[in-house]
Amino acid sequence: MNAAARFLSPSEAARQLGISAKALRLYEERGLIAPSRTPAGWRAYGPAEMARGAEIVALRALGLGIGELARVLSGDAAVLDRVLAAHEATLEARVRQCGDSIARVRALRADLGRGKMPAARDVIGAVRARPAIAVAFDLPWPWGGERFELRDVKPLNYIVGPLGSGKTRLAQRLAEALPNATFVGLDRAADGGAAVRARLDADPAHKARVDASLAAHLADGAVETPALTTLLAELEADGDAIPVIDMLEHGLDAASQEAVIAQLRRRGPEARPLFFLTRSSAILDLDAVGDDEAIILCPANHSVPACVTPVPGAVGYEAVATCLASPEVRARTEGMIAWRPA
């Protein structure tokens, strides 16, 4: 170890990179970064490791999953081209939105120049990047009828909470209250997805969308299973319906979960909103949550569900983190509870 260079502890390195120490350890476990060791055996991050960490953080900002990161850093040009193409499409969509907003603002200013005062809704519509979707309702049991509101629904919305916190009931109530929403339960893959396959066979256009999406997921490292196909069938359904999905990771292995969330993040700012329950750290990576994503926590004590900012120290952050487990742990403990009253 070079005595002249400054080496950081895992907590110091994570803080400087703007990620959690848990994420840094995950990158090490996946072989993306290899810290040095002190004579006492402690991990230490020098200039080379910090430069590699900065590369990882920057690539994560493009929406790459952990598996994709490893392939890009090893020189896989095909993966990088696909990711950059998706990022380009997202940027182009934002440019179109900005162009539309500029045109609306110019029209409003022209009206003002002619002495016409625009309505407040027209001003709001001109400055918003996308149409706002809001929802408000009285919470069902196990809450006491308290009011729940989401004033600006994001494209990706995670619903998280410990077992028994009421998150499934919240999801079902959201599906009832949101405009043109549908609840997708765990029975979606019943009988090996036979009902879904029959539905796809009867609708060639829907089947073509699912096949194209499946091919993209497989290229990202997913494993083809009935659970993945049935999930994609719901995600690729025609129309503007908002899916509210019970346990997005249901039946999916780690690689498939990473591919699914990576693809969802690439849908762009114009995508219809999506709500889903999850307790998987592969689906909800707190260090990768972007501006177009929201985390809704159902607390264990049945307080009113609330949006949580994905920043260490923020209210609810630790509660969300404790709800999440790796895909391997989630698969091993599926359907189990930690305690049952006598």
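1. The structure holds 1 cavity of 30 Å³ or more. A cavity is a set of points, on a 1 Å grid over the protein atoms alone, where a 1.4 Å probe fits but cannot get out. The volume is the space filled by probe spheres set on the points, with grid points joined across faces, edges and corners. This is a predicted model: local features need pLDDT of at least 70, side-chain atom pairs count only at pLDDT 80 or more, and totals for chains, interfaces and linings use all residues. Residues are numbered from 1 along each chain as its sequence is written, and side-chain values use heavy atoms, with hydrogens and water left out.

2. The largest cavity has a volume of about 30 Å³. Its lining (residues with an atom within 4 Å of a point) consists of Gly-65, Gly-67, Glu-68, Asp-220, Ala-255, Glu-258, Ala-259 and Ala-262. The elements giving two or more residues to this lining are α4 (66-73) and α11; α11 gives the most, with 4 residues. Helices are DSSP runs (H or I, at least four residues), numbered from the N terminus.

3. The largest pocket holds about 720 Å³ of space. A pocket is an open set of points with protein on both sides within 12 Å along at least five of seven lines. This pocket is lined by 32 residues, with Ala-61, Ala-288, Val-289, Gly-290 and Glu-293 nearest its centre. Helices α3 (47-60), α5 (77-113) and α11 (254-265) each supply at least two lining residues, and α5 has the largest share, 4 residues.

4. The second largest pocket holds about 570 Å³ and is lined by 30 residues. Nearest its centre lie Lys-22, Leu-26, Ser-281, Ala-282 and Asp-285. Two or more lining residues come from each of α2 (21-29), α11, α12 (317-323) and α13 (327-332). The largest share, 5 residues, comes from α2.

5. Helix α8 (residues 194-201) and helix α10 (residues 226-235) pack at an angle of about 50°, with their axes 9 Å apart. Axes are lines fitted to C-alpha atoms over the stretch in contact, and angles run from 0 to 180 degrees between N-to-C directions. The two helices are therefore oblique to each other, the term for angles that are not under 35 degrees (roughly parallel), over 145 (roughly antiparallel) or 65 to 115 (roughly perpendicular).

6. The contact (heavy atoms within 4.5 Å) between these helices is made by Val-196, Arg-199 and Leu-200 of α8 and Thr-229, Thr-230, Ala-233 and Glu-234 of α10.
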